[in-house]
Structures are given as C-alpha cells and as structure tokens.
Amino acid sequence: MEILIALAIGVLFTVGVYLVLSKSLLRILLGTTLLTHGVHLLLLTMAGLKTGASPLLGEKADSYVDPLPQALILTSIVISFGVSAFFIVLAYQAYRSAGMDDVEGSKGERP
C-alpha cells in the first residue's frame, strides 16, 4: 500500500513541476495545486497510521496519538488555499491587462 502512495506522490510532484515550468499562468496554478496535494500526501504518509487515545491530560491511556501531522496538513491546506486564491487573482489581472495568459509575452507590452 505504501508503494502505491509513494508512486502517487511521485506522479503528483512530477506533473506539478512540469506544469509550473510552463509558460501559461493557468498551468502554473494547476501545477502549484498538484504540488501542494503531493505535500499533503507526503506528510500523511510520513506520519503513518497510529492507534491510541486522544492526547488529553485527564485520560489514563497506554498510548497516545500524535496530533502534529494532522495540524501540519491542515495548516498546509489553508496556506495552499490562500496561494491558489492569490494566483487566480494574479492570472485574471494579467489576462485583463495583457490580453493573454502567456508569461513570456506579457513583459509590459500592451496589445
């Protein structure tokens, strides 16, 4: 099972890097989205599946579950949402001002 998840993470990172290196702002947006999904899966896989009680002070349990991986993934989701929203606004404004979605062709020239 871990092999399939590692393969999925590798595919997400590969396709994400390929899309980020393209010239279209929409592809760059999709690439960063795929990269962040790869990071979420990587954090989840590295944390592993652990069983135990909730880490509450009043509970007397033999083993506790570490809540740090879930907190990191939730933080990463919120940050990726903010970055995606910023990129959407940036791509829209670039398209409105330059009339194209190409990064190379929009170096200050007006159509």
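User: Before we start, what do buried, exposed and partly exposed mean here?
Analyst: Buried means under 20% relative accessible area, exposed means over 50%, and partly exposed covers what lies in between. Please note that this is a predicted model.

User: Good. Which class does Phe86 fall into, then?
Analyst: Phe86 has a relative accessible area of 52%, so this residue counts as exposed.

User: And Phe87?
Analyst: Phe87 is partly exposed, because its relative accessible area is 23%.

User: How many aromatic pairs are there?
Analyst: The count gives one aromatic pair. Its members are Phe86 and Phe87, whose ring centres lie 6.1 Å apart.

User: What are the two numbers one needs for such a pair?
Analyst: A pair of aromatic rings is described by the distance of the centres and the angle of the planes. For Phe86 and Phe87 the planes stand at 40°, so the pair is tilted.

User: Changing topic: how many cavities of 30 Å³ or more are there?
Analyst: There is one cavity of 30 Å³ or more. The largest cavity holds about 30 Å³ of space.

User: Which residues line the largest cavity?
Analyst: Its lining is made up of Leu25, Leu29, Phe87, Leu90 and Ala91.

User: What about the largest pocket: how much space does it have?
Analyst: The largest pocket contains about 300 Å³ of space. Elements giving two or more residues to its lining are α1 (2-20), α2 (25-47) and α3 (68-98).

User: Which of them gives the most?
Analyst: For the largest pocket, α2 gives the most, with four residues.

User: How many residues line the pocket, and which lie nearest its centre?
Analyst: The lining has 14 residues, and Leu44, Thr45, Ala47, Gly48 and Leu49 lie nearest the centre. By class, the lining divides into eight nonpolar, three polar and three charged residues.

User: What does Ser84 touch?
Analyst: Leaving aside residues up to four places away in sequence, Ser84 touches Leu29 and Thr33.

Definitions and conventions:
Residues are numbered from 1 along each chain as its sequence is written. This is a predicted model: local features need pLDDT of at least 70, side-chain atom pairs count only at pLDDT 80 or more; totals for chains, interfaces and linings use all residues. Side-chain values use heavy atoms; hydrogens and water are left out. On a 1 Å grid over the protein atoms alone, a cavity is a set of points where a 1.4 Å probe fits but cannot get out, and a pocket is an open set with protein on both sides within 12 Å along at least five of seven lines; lining residues have an atom within 4 Å of a point. Grid points are joined across faces, edges and corners, and a volume is the space filled by probe spheres set on the points. Ala, Val, Leu, Ile, Met, Phe, Trp, Tyr, Cys and Pro count as nonpolar, Asp, Glu, Lys and Arg as charged, and the others, Gly among them, as polar. Contact means heavy atoms within 4.5 Å. Rings of Phe, Tyr and Trp (its six-membered ring) pair if their centres lie within 6.5 Å; planes under 30 degrees apart count as stacked, over 60 as edge-to-face and the rest as tilted. Buried means under 20% relative accessible area, exposed over 50%, partly exposed in between (1.4 Å probe, protein chains only).
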